[in-house]
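Hi everyone, thanks for coming. Let me put the sequence and structure up on the screen, and then I'll walk you through a few spots.

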Amino acid sequence: MTILQLIPYDILTADPARIMAPLGFFAGMPRLTEGAPTARLLMVADNLSQEHVINGFHQVAVPASELPPTMRWYKSLYEDFLRQTVQTTRYMKLYLIMRSRLDDQSLIRLLSTYGVRSEPLNEPIPLPFQIGDPDWNRVHADGQTYAVIRSKLQQTGAAHPRMLHRMFALDFPVWAALDIFTYTTGSAMKMLQQKQISALYERGIGQAADDAANVTSTVKGLRYELNRVGAALHTIRFSVVVGASNPGLLNQRLEMVRGTTGIEMEGWESNAGHMKKIFSAEPPTDTDGAIITSTGLSVLTGSALSYRRRTNTTGALAGVDQNQAPVVINIFDDKNPSYNVVILGQTGAGKTFATLLLMLRHLLMGVRLIVIDPQGNIDLNFLGDDVYHKSVLGTSAASINILDIVHDEIANQVEGVMAIFMMLGISTGSIIQRAILDEVLVDIYQPLWDRIDDHTDVPELGAVKQRLEQISADHGRSDQIRSEAGLLAYTLAPYVTGSRSALFGRQTTVDFSLDHPVTVFDISSLPKAKGKDSNLRAALLSILVADINQAIRNKRRRGDKVPILFFVDEMGILMREPVIASYISEEYKTARSRRVGMIVADQDLHSFLGPADESGLHHGVPMLANSAFQFIFLQQSGQKAIVREHFPDIPEAMISKLPLMSQGTCIAKLPDDLLQIAITASPFEQAVLSSRLQDKERAQKLMAQMVKETFETPIRQNGNGRQPTSEDIPIAL
Ligand SMILES: Nc1ncnc2c1ncn2[C@@H]1O[C@H](COP(=O)(O)OP(=O)(O)OP(=O)(O)O)[C@@H](O)[C@H]1O
Ligand SMILES: [Mg+2]
């Protein structure tokens, strides 16, 4: 006996063709089943409550007892926030029950070829009751009364992809079963022939003649369907179980179900014993029911499969989706193809806010955070000095050496430094200048290369200038080489002894130990991104990113395995220079293997993708492909075309909303979902993360209050992990 749990998809975001895809599966059922070609699709309403979300968080959160006091306090605030805001969400669980010739894994693979995702049963099916007391057509159990109604044997009308959604969305739970029987082609033809013949002999008048004409035309239609490739004939019977605390309410609910299924239901309740059949682990044995083609069956089952509510609870809350369901995300879930995130959005749309919010909540899950803050307004002081470390770059206390060793290969290291020289306008990038710089840089790096982990005696730019001057004075060289070397030494001077030496020309004094759970690099005092100094900023930023990546590598070499989220805001300025863009893109691709999630944010795709290099490649394209999460906030109308081009699976209805998106709202592409999310923060997070002044003042007050409060919070226990058995399914009456 096979019971699989089917994984629904969202009709709002799915490819319309998906509804029809399982047609061949149903048509092929006689070849897949042992015994009668029958199957049951069991539909069970379940609730996702705030307790589930809180328990899910506890499964991945660091226990409070292991957190420093400030984080313990934040954790309890976050849990309070979950309790106050998470609403109960009703969703449908779907199960396929059949006597399959295939083992579970083969059936799962087969279903996936028909666009139906499924998994083995890994938890008991949530049933209305375990043991009931039958009373003809009612069952009493746990203080409730249950009844079951079934579909009529004859159905008219057409199936619609959303026909069951209204019933699923009722504000009381329903349990429904769709029993399916498949005719083999031969038996279907025979059955149709019989029906047609008996209709031909029906020579009555009035109603009887009409019915006969009806049957004749229906049979014609069915024959036509059967001749289509892959289609078959089926009978179906649909049953719905409803419960209520009193008979009056039960009757009301049954009427509501009759009115919302979109299927013609019998006007009376079936014998209670039928409930036991529905909830048994066996496929149906009855074969009578309404005749339906595989096409109609696909639409009907599609309407069950396409009612999707997100149910993931292990991770951190990002916000609520368009159905008010909580969106819980765990960036470091092993199943994710990468841990990277791309964030796009107009100025003020909420990129930085959303990113920091997700990061802070992941901090509670034991993730280490690194942030590059271009605006200098991130203030996480509430975390305390043990947790939070901030470096302000561009001061003499935090300078960066342009020659820092940030690549494992000497060739890449030399190329990286040359790219920065070009970015700064020190070198024109001519063949001869490149050759001279190559000679100088290799000369400098070669002796160091075997001691790659040792950063203490990295040369400074002065060493480059000195060697260039030596070449320029070397009469054994050609005049051209001497003059080019002299030129390079001259343009380098401001970076060694002149106005820019404080930024570039000294040993790195920035702390790259990454020893704190949260490190913020404030680069707001670096030259601004706009205007003539923008390249300075890009150059410094690229060395900073490279230095941080190298520091992470060194940490990993020493055996540190703590996952890291690394956020680079204002990504676009790094994407302008192809060598830098290619470096970043490569780091991005390999980040997963270092247990690093790189989060990059930018205003729009043009800026994020960067200009094309000589081979026509925009380095942002592979980055997009290597991100498991993409959040798109407000975009101007003019951006719709490029968004459409790079996100072909976002339906048009969502794309057209992009220019209307309000602050803090985004379209989110997650590894297994496509949603519209409103990012929701607690008042405390709002105060701490906001760049608005009045919020900052509030944050100060809240923090003062925190200091006063005690840090003790009880530690909660997680639920048991019992494995289900087939005992978990049948219902006893
Ligand atoms: N989800 C949200 N909930 C509450 N307030 C928000 C939310 N998102 C944004 N805000 C408010 O809007 C302000 C601007 O958002 P944010 O700084 O994240 O924009 P941004 O997209 O990063 O813009 P920029 O490109 O200018 O950096 C925040 O400081 C905060 O006050
Ligand atoms: Mg921002």
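I'll go from some strands to the domains and then to the ligand.

First, the ground rules: this is a predicted model, where local features need pLDDT of at least 70, side-chain atom pairs count only at pLDDT 80 or more, and totals for chains, interfaces and linings use all residues. Residues are numbered from 1 along each chain as its sequence is written, while chains are lettered from A and ligands numbered from 1 in the order in which they are written.

Let's begin with strand β6, residues 138-141; strands here are DSSP E runs of at least two residues, and helices are H or I runs of at least four, numbered from the N terminus. β6 pairs in the antiparallel sense with β5, residues 133-135, over three bridges, pairing being at least two DSSP bridges between two strands. Across that pairing, D133 stands opposite H140. The two strands form a hairpin with two residues between them, and W136 in the turn has a positive phi of about 55°.

β6 also pairs with β7, residues 144-150, again antiparallel and over three bridges. Here V139 has Y146 as its bridge partner. This hairpin too has two residues between its strands, with D142 in the turn at a positive phi of about 50°.

Now the domains, whose bounds come from an automatic or database assignment. Domain 1 covers 352-392 + 513-627, domain 2 399-509 and domain 3 632-691. The C-alpha centres of domain 2 and domain 3 lie 44 Å apart.

Finally, what contributes the largest share of the shell around ligand 1? That is helix α12, residues 351-363, with three residues.

Conventions
A residue is buried if 20 or more other C-beta atoms lie within 10 Å of its own, exposed if 12 or fewer, and partly exposed in between; C-beta atoms are placed from the backbone.
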